[in-house]
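Visitor: Please show me the model, and let us then examine the terms used to describe it.

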Amino acid sequence: MTTPPVRNPAARQGLAEFIQDHEADILADWDAYARSLGHDDMPLDPAGVRDHGPDILHNIVWTLTQPLSGSPADAAQPPHPNAAQAHADARRLQGITVDAILSEYRALRASVLTHWRNAGGGTHARDTSDLARFDEAIDQGIAEAIGRYVQQTKTATDLFIGILGHDIRNPLGTIMVSAEYLVKSRQLPATSVAPILNAAARIQGIVEQTMDFSRTQSHGAMPVRRLPGHLGDMLVKVVQETQVRHPDRIFHCDVSGDLEGNWDEHRLGQVLSNLLGNAIAYGARDSIISVKVWSTDDKTSFSVHNHGAAIPQAEQLRIFEPLVRGNAAIVERRGRAGLGLGLYICREIVRAHGGWMAVASAPNTGTTFSVHLPRRPDDAQPPA
């Protein structure tokens with residue numbers, strides 16, 4: 001008598017049924033991997049380890065059992081539609097990085113497929129379809145989790161910006177107004193109040209740079225509000241204001257050409273103010289700081305030039321990157337130690353206008369920072 005061959009039960013099962021029958025083993029693997037994701041050497045607690053794993057697994061099983069839908073709008077909802085998002089929220093609060101969440105999903109995928117294949121699965125023609133649907137379900141979970149993580153991070157960043165702006169800038173403004181009042185009321189001489197105002201202005205600059213950097217990182221681009229205006233008139237006002245603050249320096253401004261256009265006056269003024277501040281800090285103190293504003297058929301440009309120590313070639317290649325500062329000795333000597341965000345923020349403002357920045361620096365000719373803004377959207381410079 002011939003004994004019929006013994007068939008592995010997994011070979012008769014689809015992937016959905018197999019996951020249901022082996023849920024405990026798969027989730028045990030999930031637990032083991034999640035325990036390795038501790039933050040700052042602090043492992044996750046038992047409740048935090050398992051987290052939303054069962055719900056995510058149930059959604060995967062549900063996806064495997066559903067017929068293909070004609071369009072996403074026609075598709076039914078899984079039993080736990082927010083499981084991946086809730087998991088991302090929990091992991092973010094636990095201090096787990098987005099990369100670690102990706103690794104969790106990769107580990108889940110590997111665990112399911114390893115158990116299935118070790119049990120003899122993957123031998124039927126229908127298994128190819130199961131595998132495709134399984135990968136689709138995993139990818140959908142990843143997309144939902146990462147989208148949620150990014151959204152919540154952006155919300156937290158916006159909240160931070162709001163707190164920073166309100167809780168630091170407001171009392172800082174009170175300090176500056178009070179100091180100016182003490183001078184006007186002759187309760188203190190201007191020479192005594194000047195260090196207070198200078199220190200407050202430096203703190204205000206750091207706060208503004210931090211807020212701009214956070215906005216850029218959160219939104220992916222510097223937000224600008226463009227309105228019709230004359231670029232030359234806008235920038236001349238910035239030069240005049242800088243001259244008032246630095247009466248011991250000489251500024252020369254040359255404006256020519258058709259400078260009408262759509263600009264964010266505040267932001268471009270911020271660019272010029274930063275470039276002038278750098279020229280004052282790093283340039284020779286007895287040299288003229290030259291500002292030039294001009295136009296051509298396809299672009300409008302402005303530049304700031306100063307004489308003094310040249311920027312080394314290696315620094316020129318990375319000077320617009322965040323957290324990069326100029327010559328340390330000059331910075332410390334002239335009291336302009338900062339975050340190294342100024343030129344990065346300038347570049348992002350210019351990019352938001354579709355433009356680009358350049359620097360040229362040599363011992364004999366001095367240093368020139370130039371800004372170029374296209375007149376037409378088609379002429380915009382793609383980000384480097």
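**Core, sheet and helices**

Guide: In the largest nonpolar core, which has 36 residues, those that touch the most other members are L231, L272, L275, L276 and F302. The model is predicted, so local features require pLDDT of at least 70 and side-chain atom pairs count only at pLDDT 80 or more, while totals for chains, interfaces and linings use all residues. Residues are numbered from 1 along each chain as its sequence is written, and side-chain values use heavy atoms, with hydrogens and water left out.

Visitor: What makes a set of residues a nonpolar core?

Guide: The term denotes buried Ala, Val, Leu, Ile, Met, Phe, Trp, Tyr and Cys residues joined through side-chain atoms within 4.5 Å. Buried means under 20% relative accessible area, exposed over 50%, and partly exposed in between, with a 1.4 Å probe and protein chains only.

Visitor: Why is T242 called buried?

Guide: T242 has a relative accessible area of 2%, and the limit is under 20%, so the residue is buried. T242 is found in helix α10 and, beyond its neighbours within four places in sequence, is in contact with F251, L276 and I280.

Visitor: How do you know that β2 and β4 pair?

Guide: Pairing requires that DSSP find at least two bridges between two strands. β2 and β4 have six, in the parallel sense, and therefore pair. One of the bridge partners is I288 in β4, which faces I250.

Visitor: Why are β2 and β6 described as standing at the edges?

Guide: The open sheet has five strands in the order β2-β4-β5-β7-β6, with mixed pairing. β2 (250-255) and β6 each have a single partner strand, so one side of each is left without a neighbour in the sheet.

Visitor: What angle does the direction of α10 make with that of β2?

Guide: The angle is about 175 degrees, and α10 packs on the sheet by touching β2, β4, β5 and β7. Axes are lines fitted to C-alpha atoms, for helices over the stretch in contact, and angles run from 0 to 180 degrees between N-to-C directions. Helix α11 also packs on the sheet, and its direction makes about 20 degrees with that of β5.

Methods. Helices (H or I, at least four residues) and strands (E, at least two) are DSSP runs, numbered from the N terminus. Contact means heavy atoms within 4.5 Å.
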